[in-house]
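Here is a short note on charged side chains and how they pair. Please keep the structure open while reading the points.

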There are 2 protein chains.
Amino acid sequence: MKLAMIYSFLKQDLAKIEDSINNTIQAQHPVLREASTQLLAAGGKRIRPVFVLLGGKFGNYQLDRMEAVAVSLELIHMASLVHDDVVDNAELRRGQPTIKAKWDNRIAMYTGDYIFARSLESLSALEDPRAHQVLAKTMVELCLGEIEQVKDKYRLEQNLRAYLLRIKRKTALLIAASCQLGAIASQAPLQYERALYRYGYFVGMSYQIIDDVLDFTASEEELGKPSGSDLLQGNITLPVLYAMEDNMIASELYELFQSDTENLTPEDLAPVIRKIKASDAIDRSLKISERYLQKAYQALEVLPPGRAKQTLRGIAKYIGKRKS
Amino acid sequence: MKLAMIYSFLKQDLAKIEDSINNTIQAQHPVLREASTQLLAAGGKRIRPVFVLLGGKFGNYQLDRMEAVAVSLELIHMASLVHDDVVDNAELRRGQPTIKAKWDNRIAMYTGDYIFARSLESLSALEDPRAHQVLAKTMVELCLGEIEQVKDKYRLEQNLRAYLLRIKRKTALLIAASCQLGAIASQAPLQYERALYRYGYFVGMSYQIIDDVLDFTASEEELGKPSGSDLLQGNITLPVLYAMEDNMIASELYELFQSDTENLTPEDLAPVIRKIKASDAIDRSLKISERYLQKAYQALEVLPPGRAKQTLRGIAKYIGKRKS
């Protein structure tokens, strides 16, 4: 079963949101149009708009209000991807800084800023001060998460708590805010809004942990990149932290990361990745993810029955079983 | 006479805002603290907060509301400076991409994002939807201005209109928004709000034109950088556009910019800069600036007399005469 099947009844509303996103970031501006082509072509699951719309089903669902919020949240997500790309591009093109490459990076950074600004503009159509408060706080945390991620790269002496805080900021809070802002935009009762926030937070945590597990267990075809890419880029994820309880694996990693991490190849890491996969780290990580999913289900209990609630449950279930 | 003397009666309120800015961007986060040290040490005129406070004097001036807006606008300005630095750093360190340098750039980009987010958070304390609409639209234009500036670098075939649109987006609109948001935060009458916006816009245009003139006419000591720096970086400003009506100067510039502009030195540009200074381009630019100032004075006419109006007039007068 495909994820999109689960929320097929939102198809028409999502199409309208997709149009709005495209119109916003393609803009009338030629340079932006160029810079955003890749971004739009890359598509994406538009999972944040889905959560906004579902959140809105527990109040007075008005499409124009839902759209303002959904577009805003997807644009925030896209802007952060653009800025992540600036960082990555800078690495990939290291040593060959053509004028073209630099021009792209500047444009990419300002394009990200532009998309952020458009995101706020979209939200400001809502005329609800609380929406802005929620979004601003989420963005502050998101930025702290990005900074933490850069700081914690290749840093093996970090604990579970640091990892959990990082994925909370990087992923879970934006999903929680999507659910919550859907509720706010539809003026749903506060108890539903709180439940939706909690659901989004737990689902987001689970989602990111599964993502981090799949980076080890999924095939290159499923991932669209070599497995172990996160580790190669220095992202110390939950499976790594668990696997490092084995002293052999820990010392192997310390040794690898002592060399110039910039020049590490997938081949260098292949042996340790095999050991991580063979350890109990994968299963233990999945158990943590499952625990978050259970909490997500529990959070839903407060909500009235119906298709929206059913769909939120379905998405959580899908996340628990997904293979890519 | 120093600029700060003109608005000395705001001193106490400005000190409170300064504290708030420092607390916000220093944060509890060690990496951010490090990254922002330079930013805070650099100081700045805090001219946007001044305009916010003065705008607030035409309504119901409440310091906490004024502070929310003033901090927000100064943070937006600072965030955009941080992002400009990312671009500049990337150039300066070209060819020597140390890990440290790259780490700094990433952190700088995310620090800029973080400051943006904090800016929104500050504004959201106001609980006024219109404030967010004004700020979002201003940010969209600001970003377009940044993109235009990158795109128009070293591009000699641009007209006066492109230049004026660029400085409008880059400088004038944020000053206009500062004045306007001061009025909005104090719930001043709409006619005053409009007048303040117009004043800010005209003063901002004048301010940037004088800035662009001073880059040619001020001494290195006054500027803190070699004169002609803008041109060296490829920024085609008003004096250059006027000077290029002289075919000799135009062809000299075309020739210079045909070579690898990355390697241009101040010495390469010295002869053409001398010619620009000797032409009527400086005087003509100052006349345009003066015309904007006159419009700024006119915009003030609607406002009721008093110290705030007097101060706005004083600032405009100062801008027209400033030497650095």
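Which side chain meets that of B:R118 in a salt bridge?

1. The partner is B:E121, with 2.6 Å from N to O. This is a predicted model, and the distance is computed from it. B:R118 and B:E121 are three residues apart in helix α6 of chain B, which means that about one helical turn separates them. Both B:R118 and B:E121 are buried, because buried here stands for under 20% relative accessible area.

2. A salt bridge also links the side chains of B:D152 and B:R166, at 3.1 Å from N to O. B:D152 sits in the loop between α7 and α8 of chain B, while B:R166 belongs to helix α8, so the pair ties together parts that are 14 residues apart in sequence. Both B:D152 and B:R166 are buried.

3. B:K275 and B:E252 form a salt bridge, and their closest N and O atoms are 2.6 Å apart. B:K275 is in helix α14 (residues 266-278) of chain B and B:E252 in helix α13 (residues 247-258), so this pair ties together parts 23 residues apart in sequence. B:K275 has a relative accessible area of 39% and is partly exposed. B:E252 is also partly exposed, at 22% relative accessibility.

4. In chain A, the residues A:E18, A:R46 and A:E74 are joined into one network by salt bridges that share partners.

Technical notes
Residues numbered from 1 in each chain as written. Chains lettered and ligands numbered in written order. Predicted model: local features only at pLDDT ≥ 70, side-chain atom pairs only at ≥ 80, totals over all residues. Heavy atoms only, no water. Salt bridge = Lys/Arg side-chain N within 4 Å of Asp/Glu carboxyl O. Helix = DSSP H or I, 4+ residues; strand = E, 2+ residues; numbered from the N terminus. Buried < 20%, exposed > 50% of the residue type's maximum accessible area, 1.4 Å probe, protein only.
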